[in-house]
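Here is my note on the model. Please read the points against the sequence and the coordinates.

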Amino acid sequence: MSSAALPSELVVRFRGVALTRLDRVEGHWGNFMHGEGGLELAAEMQQELHTLKGEARMMHFGGLATLCHALEGLVAAVARRGRRVPEDVDPVVTMAIRFMVVILRRKDAAPAAGMDVDGFVRQIEEVLAEISADAEPEAPVPVPEPRSAAFDLPDRVSMVTQQRLAALAARVFVEHVAAGRARGRLGDVFRALAEEVGSLSAIPLAPRLSPHEEAARALAESLGKDVRVAFDVGDVRVRAEVAEAVEVVLLHALRNAVDHGVERPEVRRAAGKPERASIVVSARQKGAEVEMSVEDDGAGVNFDAVRERVVDLGLSTAEGAARARDDDLTELLFRPGMSTRTEVTDVSGRGIGLDAARAAIQRVGGRVALSTRRGQGATLRIRVPQASHLLPVVCFPARGADLVLAVATSGGVRVVPAEGGMPAVDPVEYFDMAPPGGARSGEGVRIEVRRGEARFTLRGGGEPWAALATRLCPTADECPAEIVCVDGMDVLLVRPEVF
C-alpha cells in the first residue's frame with residue numbers, strides 16, 4: 001500500500017505531525033550545538049526521530065523513515081561525544097532535516113520520488129563513521145524532564161482557541177435569549193457552534209488507532225511472524241493532546257511487541273502455542289482517567305538478557321543484577337539506551353521506544369508501566385487524566401427572561417440567601433438579555449456567592465437548587481459566561497467575579 005492509498009485526511013494529519021516533530025528536532029539541535037540543554041536535549045531529539053521513523057513507516061513514507069534512522073544514529077553518536085564533533089556535522093544534520101521537510105511538503109503520491117535519499121544517507125553514514133572512530137563507550141542518556149506539549153496540529157485546535165470559540169458560543173446564546181423572531185435561527189447557530197467546539201475537545205480514539213493495525217501486521221510479515229491485532233476501545237474519547245500521546249505509545253508498544261515479544265510460528269508451535277500470535281489493544285474510561293493496555297501472548301521479557309545488558313551498560317554489577325527483582329529490571333527497560341538487542345536495526349536496538357512512549361505520556365500528566373509473564377506475554381498499561389466535563393452548580397431562574405442561570409460551586413464556593421439590602425447584579429441586565437418589553441418578576445430573590453473572602457450578590461427570579469451540569473463548550477476562567485447542560489436544558493453559567 002502506498003501513501004496515496006491511505007485516507008487523505010490521515011496523510012494530511014501525518015504531514016502536520018511530522019513537520020512539527022522536525023521543527024522541534026531542529027530547535028533542539030540548534031540549542032544543543034550552542035551548549036544549551038546537554039544530553040537531555042539529545043535524548044529528546046532521539047525520541048522524536050525514533051517516533052517519526054515509526055510513523056513514517058506506518059504511513060508508507062519509506063524514504064523519510066530511512067533518513068530518520070540514519071539521523072537518529074548520528075545524533076546518538078554526537079551525544080556520546082558531548083559536542084566534540086567535526087565542523088561538518090552541523091550542516092549535515094541541518095540539511096538532513098531540511099531534506100525531510102521537502103519530502104513532507106511534496107504532495108505527489110511518491111513523496112521521495114526523484115530525490116537521492118540513498119545518497120544523502122550515505123553522507124550521514126560517512127560522517128557517522130568519522131565521529132564514531134574514536135568515540136567513547138556507549139552510555140545511556142539521562143531521561144529528560146517531562147514537558148508540556150503546547151503546539152497545534154492541522155486537525156487540532158489549541159485550548160486557547162477552543163475557549164475563544166466557546167466564549168463566542170456563549171455570546172450567541174445570550175443573543176438567542178434576547179432575540180425576538182430570530183430566536184429560533186440563533187438557537188440553531190448556537191447548537192451547531194457548541195457541537196463543533198465539543199468535538200474539538202473530545203476526540204474518539206478508535207479512528208486514530210486503527211491505522212496501526214495494518215502497520216503492525218506488515219511489520220510482522222517482514223519479520224517472518226504471523227500476528228493478529230485486535231482493538232477494543234469502544235467510544236472512548238480524549239483530549240487532542242492525550243490522543244497524540246496515546247498514538248505515540250501505541251506506535252512503540254506494537255513495534256516492541258511484534259519485534260521483541262511475539263515469536264516466529266515454528267517457535268510458538270514448539271512451545272504449544274497457536275502459530276498466530278495475538279496482540280490486544282483495549283481502552284476504557286474510568287472516572288477521570290482513561291486506562292489503556294497493549295497485551296501480547298509472546299515470550300515475555302527475557303530477564304537474563306536484561307541482566308546481561310544492565311551489566312554491559314555499567315548500570316549494575318553482575319552480583320547486583322543477579323539479585324535484582326524482575327519488577328526492577330522491567331522498570332530499567334524504560335531507560336534511554338536500554339535494549340536487549342546488541343545489533344541496531346531500523347526497527348529496534350537503540351533503546352528509544354519505551355523511553356519515547358513514557359516521555360509522551362508524562363507530557364500529558366499520565367503514567368505507564370510494563371508487566372510480563374515469562375513465556376506467556378507482556379502487557380503495557382497506561383493511565384492518562386481526562387478533564388471532567390461535569391460541574392456541580394447551583395441553578396436559579398432568571399428574572400424577567402425565559403432562562404435558567406447557574407453558578408459553579410466547586411473549589412469551596414458557597415451560594416447562600418443574601419442578607420440585608422446589599423447591592424445586587426442582575427445577570428439579565430448585565431448581559432442585556434431582557435427581550436423587548438420584557439417585564440421583571442418583582443423583586444425576586446437575592447443570592448450571595450462566596451469565594452473565599454470575596455462575596456458577590458446576584459438577583460434571580462426564584463429559589464436556587466443544587467444540580468450537576470455538563471460543560472458543553474468550556475470557556476476560560478476570565479470569561480463571564482459559559483453554556484452548560486442541566487437535565488437536558490441549556491443553562492447560562494455565570495461568573496460574578498468577572499462582572
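1. Burial first. A residue counts as buried under 20% relative accessible area, as exposed over 50%, and as partly exposed in between, with a 1.4 Å probe and protein chains only. Ala65 has a relative accessible area of 0%, so Ala65 is buried.

2. Basis of the note. This is a predicted model, where local features need pLDDT of at least 70, side-chain atom pairs count only at pLDDT 80 or more, and totals for chains, interfaces and linings use all residues. Residues are numbered from 1 along each chain as its sequence is written, and side-chain values use heavy atoms, with hydrogens and water left out.

3. Overall. The protein has 16 helices and 15 strands; these are DSSP runs (helices H or I, at least four residues; strands E, at least two), numbered from the N terminus. Of the 499 residues, 51% are buried. The accessible surface is about 22700 Å², and carbon and sulfur atoms own 52% of that. Areas come from the Shrake-Rupley method with a 1.4 Å probe. Take the contacts (heavy atoms within 4.5 Å) between residues at least 6 apart in sequence: 70% of them join residues at least 24 apart.

4. Ala65 again. This residue sits in helix α3, residues 62-81. Beyond its neighbours within four places in sequence, Ala65 touches Lys53, Ala56 and Arg57. Leu52 lies 13 residues away in sequence, with a C-alpha to C-alpha distance of 7.3 Å to Ala65.

5. α3 against α4. Helix α4 spans residues 89-105, and its axis lies 11 Å from that of α3, at about 155°. Axes are lines fitted to C-alpha atoms, for helices over the stretch in contact, and angles run from 0 to 180 degrees between N-to-C directions. The two helices are therefore roughly antiparallel (over 145 degrees; under 35 is roughly parallel, 65 to 115 roughly perpendicular, the rest oblique).

6. α9 against α10. Helices α9 (residues 211-222) and α10 (residues 240-261) pack at about 25°, axes 10 Å apart. That angle makes them roughly parallel. From α9, His212, Ala216, Leu219 and Ala220 meet α10 residues including Glu247, Leu251 and Arg255. This contact has 7 nonpolar, 1 polar and 2 charged residues. Nonpolar here means Ala, Val, Leu, Ile, Met, Phe, Trp, Tyr, Cys and Pro; charged means Asp, Glu, Lys and Arg; the others, Gly among them, are polar.
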